[in-house]
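Hi,

Here is the structure I promised to pass on to you. Have a look at it first, and then read on for what I found in it.

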Amino acid sequence: MTFAGRCDIVARVSSRPTQPGPPPESLPPQSHPLQAVLGRYPRLREDHLRYLRKWSLIGPAFRVGGESRVSFTDLTIIRQVHAELERGAPFRAVVRALQASRVGQLSLDFRLEAEPAKIIHLARRPAPHPGRPEADPAMAEEYFRAASALDDGDPHKQGAASRAYRRALEVDPCLVPAIINLANLHYSQEHLPEAEALYERAIGIDPSVFEAHFNMGNVYHDLGRLEEARAAYEAALRLNPDYAEAHFYLAVTLEKLGRSQQARGHWRRYKELAPDGEWVQLASEFGE
């Protein structure tokens, strides 16, 4: 099955949300307001803190009375990072040193927390595929559009969206956009084996759809299968070399594989393609 032109996609990187904290009476006495910490350690930016959380070097901030706070344990890490930055150390070197001192290698706890690439609409009706069963394309497309309307990020609609994608696949089992979007719903619910099987099916039907390769990379990454994640992201970039998120995630994966030199080009490319992206400051530092 082939598609004319590039499918519209929606993908974004979302930082880990601030976690609700314990009631005030149960708070440890050594917790500190986040804004006060940032004022005390001006070398650290909020995007630095997000990255430290991504690598599990510090925990999530918690809110008390509308105020974000950090623990004393996290404050010691923040103080250490700030001191190294004041001495002129690159942020990426500080992160790697902290990881090395903690576990001897880059942690596998970095979660992407990204919405997978999603196919919004059918560019055109698919061409005949060898072994493809007879299908009613108009009916399959109707079910697909109904599913897409429900698939708007509202968790309460996920069940109905999944059922509509399945109805489309009952009519046309080879409808790759429905397979990919159904896999995305499984991925968002952390049903990784189901998502992996569906992405594999989509790639088997049409290996030219970059969304399937990119999303498969996310699954492999979350499962700690880093070499497979690297190969999947590279496959996605061969099909769509200007997809910023794929460069970002490939850079992260290469860093975790100890291939920092290879990662630099992808950090730089992410910065070029997403100059206002959430991770552009870190991409600047890691791409040096």
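Which residues does Asn181 touch, not counting residues up to four places away in sequence? Leaving those neighbours aside, Asn181 touches Lys118, Ile119, Phe144, Ser148, Asp151 and Tyr165. Please keep in mind as you explore that this is a predicted model.

Let's stay with Asn181 for a moment. Its place is in helix H7, and with a relative accessible area of 0% Asn181 is buried, because anything under 20% counts that way.

Now for the overall picture. The protein has 288 residues, and 49% of them count as buried. Its secondary structure comes to 13 helices and four strands. The accessible surface is about 13,400 Å², with 51% of that belonging to carbon and sulfur atoms. If you take the contacts with a separation of 6 or more, 66% of them are between residues 24 or more positions apart.

Next, the aromatic rings. A pair of aromatic rings is described by the distance of the centres and the angle of the planes. The count here comes to 15 aromatic pairs. One of them is formed by Tyr51 and Phe91, which are edge-to-face, at 6.4 Å centre to centre and with 65° between the planes. Tyr51 belongs to helix H2 (residues 46-54) and Phe91 to helix H4 (residues 91-103), so this pair ties together parts that are 40 residues apart in sequence. Both Tyr51 and Phe91 are buried.

Because Phe144 lies in helix H5 (residues 137-150) and Tyr165 in helix H6 (residues 158-171), the pair ties together parts that are 21 residues apart in sequence. Phe144 is buried, at a relative accessible area of 1%, and Tyr165 counts as buried too, at 0%.

There is also one aromatic cluster, and Tyr51, Phe91, Phe210, Tyr233, Trp267 and Trp279 are among its members.

The buried residues of H6 include Gln158, Ala161, Tyr165 and Leu169. What do the buried residues of H6 pack against? They pack against H5, helix H7 (176-188) and helix H8 (192-205).

Finally, a word on confidence. The mean pLDDT of the protein is 79, and 79% of its residues reach 70 or more. Confidence is highest in helix H10 (residues 226-239), at a mean of 96, and lowest in strand S1 (residues 19-20), at 47. Over residues 1-29 the pLDDT stays under 50, and the model has 77 contacts beyond four places in sequence for them. Residues 103-112 are also below 50, with 30 contacts in the model beyond near neighbours in sequence. Where pLDDT is low, the predicted coordinates should not be read in detail.

Enjoy exploring, and write back with any questions!

Best wishes

Key
Residues are numbered from 1 along each chain as its sequence is written. This is a predicted model: local features need pLDDT of at least 70, side-chain atom pairs count only at pLDDT 80 or more; totals for chains, interfaces and linings use all residues. Side-chain values use heavy atoms; hydrogens and water are left out. Helices (H or I, at least four residues) and strands (E, at least two) are DSSP runs, numbered from the N terminus. Buried means under 20% relative accessible area, exposed over 50%, partly exposed in between (1.4 Å probe, protein chains only). Contact means heavy atoms within 4.5 Å. Accessible areas come from the Shrake-Rupley method with a 1.4 Å probe; for residues, only the protein chains shown count as cover. Rings of Phe, Tyr and Trp (its six-membered ring) pair if their centres lie within 6.5 Å; planes under 30 degrees apart count as stacked, over 60 as edge-to-face and the rest as tilted. pLDDT is the predictor's confidence in each residue, from 0 to 100.
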